[in-house]
Amino acid sequence: MKKLTILALLGLGTFAFSQNVKNAPDNGKKKTALIVPTNQTELDAKKKAAEEKAKLPKPYNPKADAQADINKLVAQAKKEGKNIIIQAGGNWCIWCLRFNNFVQSTPELKEIVDKNYLYYHLNFSPENKNEKVFAQYINVKEQQSYPFFIILDKDGKKIHVQQSEILEDGKGYSKEKVKEFLQKGKI
């Protein structure tokens, strides 16, 4: 689904740039523009997604000092005996925002998180890629799908990195799969 969205955006970008044709004298040469028909359903879906994205909470802070924040969480986790769940992504990512909202607005999931984890949103965006922080947990040269999750133990040691695709269900997330992930720290 994410790949389709990216392809659709690229297609729209190509379409937009292909429409820039100036009405200049053709001196006997006919200029033509390629007109690509736009699928109304696709445009409606993008509009709906943009409206949804605008309404969702934006938990990522591109200006945050992520390393300092995580260091504080590790100290707190040691005191409380909890693990840390780091949700990697950004406010630009609809799936990241959906996951956050899903967990925060589903009482059963929120209870599991609050009982067992300290939750942190690690920003990845053009403003702040947090490459040094990410490099501690993943190979930053590999392509990542967002969101993904980094589970740390109470001492800050990486336990597991979980991709989110397995947790998806349609245009959202599966309560059962997310619950299993949160209870076990991996699927």
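**Close-up views of a predicted model**

**View 1. Strand β2 is covered on both faces.** In this predicted model, Y117, Y119, H121 and N123 lie on one side of β2 and L118, Y120 and L122 on the other, and all of them are buried. The count of buried residues in β2 is 7 of 7. In a regular strand, side chains alternate between the two faces of the sheet.

**View 2. β1 and β2 pair in the parallel sense.** The pairing runs over 7 bridges. For I85, the bridge partner in β2 is Y119.

**View 3. The largest nonpolar core contains 41 residues.** I86, V178 and L182 have the most contacts inside this core. Two or more residues each come from α3 (66-80), β1 (83-89), α4 (94-105), α5 (107-116), β2 (117-123), α6 (131-135), β3 (148-152) and α7 (175-184). The element that gives the most is α4, with 6 residues.

**View 4. Helix α7 has V178, F181 and L182 as its buried residues.** Seen down the axis of α7, these buried residues fall within an arc of 95°, so they line one face of the helix. On the other side of α7, E176, Q183 and K184 are exposed.

**View 5. Surroundings of L182.** Leaving aside residues up to four places away in sequence, L182 touches I85, L109, I112, V113 and Y117. L182 is also one of the residues with the most contacts inside the largest nonpolar core, and one of the buried residues of α7.

Definitions and conventions
Residues are numbered from 1 along each chain as its sequence is written. This is a predicted model: local features need pLDDT of at least 70, side-chain atom pairs count only at pLDDT 80 or more; totals for chains, interfaces and linings use all residues. Side-chain values use heavy atoms; hydrogens and water are left out. A nonpolar core is a set of buried Ala, Val, Leu, Ile, Met, Phe, Trp, Tyr and Cys residues joined through side-chain atoms within 4.5 Å. Buried means under 20% relative accessible area, exposed over 50%, partly exposed in between (1.4 Å probe, protein chains only). Helices (H or I, at least four residues) and strands (E, at least two) are DSSP runs, numbered from the N terminus. Contact means heavy atoms within 4.5 Å. The arc is that of the directions from the helix axis to the C-beta atoms. Two strands pair if DSSP finds at least two bridges between them.
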